[in-house]
Amino acid sequence: MILNPAKRELLAAELLEAEGLSPEGRSLTKDAMRRLCRNKAAVVSMVVLTLLILAAFLGPYFIPHNYEDPDWAAFRSPPSWEDGHYFGTDPNGRDLLARVLYGTRVSLAVAFVATLVSVVIGVLYGAISGYFGGRLDSIMMRFVDIMYALPYILFVILLMVIFGRNVYLLFAAIGALEWLTMARIVRGQTLSLKHREFVEAARASGQKPLKIITKHIIPNLVGPVVIFAALTVPEIIATESFLSYLGFGVQEPLTSLGTLISEGTNAMENMPWLLIFPATFLVALLLSLLFIGDGLRDAFDPKDR
Amino acid sequence: MTTNTEKEVLLQLKDYSITFKTPEGDVKAVSNMNLTVRRGERIAIVGESGSGKSQTFLGIMGLLAKNGQTSGQALLEGRDVLALKPRELDKVRGKDMAMVFQDPMTALNPSLKISRQLTEQLEIHRGFTAKAASVEALDMLKRVGIPDPERRFNLYPHELSGGMRQRIVIAMALLTKPKLLIADEPTTALDVTIQAQILDLFNDLTAEMNTALLMITHDLGVVAGLADRVAVMYAGRIVEEAPVDELFENPAHPYTAALHAAIPRPDQDVDDLVVIPGRPPNLQHLPKGCNFSPRCPKVQDGCIDRPPQLETLAPQHCAACFHPFPRREELLTHA
Amino acid sequence: MLSYAFRRLLSTIPVLWIAVTACFFVLRLAPGGPFDGERSLPPAILQNLAAHYNLDKPLIQQYLFYVGDLLRGDLGPSFSSEDFNVAQQIMIGLPYTFTLGMTAFLLAIVVGVAVGCLGALYQNKMPDYMLGAMILVGVVFPNFLIAPILQLVFGIQLAWLPVGGWGDGSLKFLVLPVIVMALPHAGRISRITRGSMIEVMNQNFIRTAKAKGIGPRLTVMRHALKPAMMPVVSYLGPAASYLLTGSLVVETIFGLPGIGRYFINAALNRDYGMVLGTVIFYMILIVFLNLLVDIVYAWLDPKVRNR
């Protein structure tokens, strides 16, 4: 029995409909959104996160000082209202508030790019591995298993040492750290998706594998991918801070929360504000992202608790 | 054969009820049940899913879910096991009363050897040494029909078939020579060919050890081969109780009769399969009158006003129905 | 069981071989390496390098020498120290790192499992909330934040514990570093244990154990614990990796003379020899730790042994 293309699409749509999925692959349901909004911690976190993002990207236009010019009148001064150094200054006279905002901006940018990189690599790798199965799958997953066990950060440091401390390299390297788990999750989902009727129908009517992967499988992965991406972002920020703290991350004059904390730690006895403000921002960022990620996961899969 | 009244009473359920508290309200799984089990007796408890047949006995073993509450009494040799503290209950279960569950594939601990799982009861309940316990356990394995028991003794559960696992579970239950053995649908998960063997095993061993057997099942065929007496449960109540032959000859309660009629016969045409109309009862909203009334072919006005009590229709045969089926002899005499 | 262990051991060889070969080529390609005239290293060091790397011989011979050296435990010369080669520097730092790492590892497991079990058995009561709090603090606050805070509070303000250094090696110097290293893992392990324990306690074989009247203590310790530990053991492999990277920061902050601190200094000074050598060392270590973890897992779950 040969289906004509129009009928095939209709049949696929019907089958998807029956399973609660739509042909374009929208598997985010209104239910999940509602559940998310009921999660108080997640809602508060979303507000906090939005404020942080706004502060980081728009804030520097509204404050009196910038992040790299030293203020010769105020070195090492504690937070004060009058001279506009609301967070105080560092040993080089630079305004801490501006630096913290700038650092947050850098951390967020790294997180965004790195997450994107890890999502793209992870999804493609996992979908291909899961869809084709067999030996290819075994080999690909074995590779993932091996990579999983090795201390990735050491390799990143090694790369940084060899190829110089390029910010873009940092983005890519961190993204390359996190794709492993994404690939595993995507592969798992692909394995269960590929036996559903709509995929069988598409295959039976002769669609090329790549098309099936991009048109049918990947759109239905949106849910788990979004959840995992949300959970990865705090890890990425933590990793970048870790590297920056050690001195391998962003370089002067760029700064990130990790670098600021490193500077703050060295001076914490005499100038505690240098540590407290960047630390608070970092913790706030991580906490809010964590709650949002947890909230998303509970919203889509409530029994996972 | 000694008559029932001459044997001692072993277990008595008096006004026994089980309620589950759920966010949607209370669910009464078992209502005011009364049952007497004598030493060495074989009783079959028959009912469909949701009749409360399993929960009744999970309750006396102290294995109900956290939101389950019992009320009434369950007297084992005169002691109310429902009132026992956990530590005291632990001295009774696994020793004087034992239970065999439905699915042999998941009943055994996959990370412990069979030997460990068999000997621990003997060590705890009867103070055996490890060596003595092993000897006794091996002997029991032979009795339940495990071939080459010495080799299998040190294996893990996943290295054995379903039928063998169920035999081991039975061995485990009988090791401490309990006075009461409760078997919750022990053959449902097994191949038909193995089922008969397992049932024979129950038959032989309980007879040998004079252990009372409570066989929970939904399969009347199992009942016929094994039981002395049968209690039929519906929606948490016993609706009929009789010696086995009597029950098959003269089913009084319409539900029992329907179960009989529903047994498929080999010569029956597929289109003729008899089903019981209607849906299983909702235990949160039981009817005011008889629980079976929504599905009963003989329902009349009086049935929905108040629940029927168990009335004696013949020696040791009682049924809870306002309009029970007449006995065959009555039919014949009236013919 | 033994045959499984042996098979797993064999399977690590290709992994290590590929990794080591990759490192060989990385060294050759790296700008500023010994094969690059751009960098000016002190002559004594250049001499060591030339002697070691046999640059005049054909590539395949260099490779064989390289592998041969590795098998003998020679990781090559350091770019920043002319007296000590990489292997020697690692040996100097090893006892410190090992003590720190091992103690933190064991502490994290013991505390994590204990708190997780309590959380599972007393769900939604006091121990469970303590668990939640511990997880939150340990997982969210990066170790480079917790460390200075603890140093400030316990080292400076209260002056109960030394702020850093190894001192005479007595216990008090270990307390803060070990806590900082162990905390995030204790948190994660307790979360895993709790979830796993809850799941196991709902299994049918636990119902059977209860029905046998063996008592709550044996039911948990003998029947539930072993299966429940499987996800925890699975986590231990990656945990070893994370502990290792954690040690980099902890040793730096607390000024402990371990391998981690040498590594960071070497990396900041672009001492390729040291960095590469340490990476190789760590890799071999991790591969073996993972092997151990796999073996322990097979002990917990007999079904895995036949694979």
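pLDDT is the predictor's confidence in each residue, on a scale from 0 to 100.

View 1. Chain A averages a pLDDT of 76, and 85% of its residues score at least 70. Within chain A, helix α3 (residues 40-58) has the highest confidence, at 86, while helix α1 (residues 5-18) has the lowest, at a mean of 53. Over residues 18-27 of chain A the pLDDT is below 50, though this stretch still has 15 contacts in the model beyond near neighbours in sequence. Where pLDDT is low, the predicted coordinates should not be read in detail.

View 2. Take the contacts in chain A between residues at least 6 apart in sequence: 70% of them join residues at least 24 apart.

**View 3. Where chain A touches chain C.** How many residues does each chain give to this contact? Chain A puts in 28 residues and chain C puts in 33. On the chain A side, the elements that give two or more residues are α5 (134-149), α6 (152-163), α10 (222-246), α11 (257-266) and α12 (273-300). Sorted by class, that side of chain A has 24 nonpolar, 3 polar and 1 charged residues.

**View 4. Chain B as a whole.** Now over to chain B, with its 12 helices and 12 strands. Its radius of gyration is 21 Å, close to the 20 Å that the globule rule gives for 335 residues, so chain B is as compact as a globular protein of that length. Along the principal axes, the C-alpha atoms of chain B fill a box of roughly 65 × 50 × 45 Å. Buried residues account for 43% of the 335 residues in chain B. For contacts in chain B between residues at least 6 apart in sequence, 64% join residues at least 24 apart.

**View 5. The covered strand β3 of chain B.** Is strand β3 (residues 42-46) of chain B mostly covered or mostly open? Mostly covered: 5 of its 5 residues are buried. Arg42(B), Ala44(B) and Val46(B) point one way from β3(B), Ile43(B) and Ile45(B) point the other way, and all are buried. Strand β8 (residues 212-217) of chain B runs parallel to β3(B), and 5 bridges join the two; here Arg42(B) stands opposite Leu213(B). Strand β9 (residues 229-234) of chain B also runs parallel to β3(B), through 4 bridges, and in β9(B) the bridge partner of Ile45(B) is Ala231(B).

View 6. Strand β1 (residues 9-22) of chain B is joined to β2(B) by 10 bridges, and the two run antiparallel; Thr19(B) stands opposite Lys28(B) in β2(B).

Definitions and conventions:
Residues numbered from 1 in each chain as written. Chains lettered and ligands numbered in written order. Predicted model: local features only at pLDDT ≥ 70, side-chain atom pairs only at ≥ 80, totals over all residues. Rg over C-alpha atoms; globule rule 2.2 N^0.38 Å. Buried ≥ 20, exposed ≤ 12 C-beta atoms within 10 Å, placed from the backbone. Contact = placed C-beta atoms within 7 Å. Nonpolar A, V, L, I, M, F, W, Y, C, P; charged D, E, K, R; others polar. Pairing = 2+ DSSP bridges.
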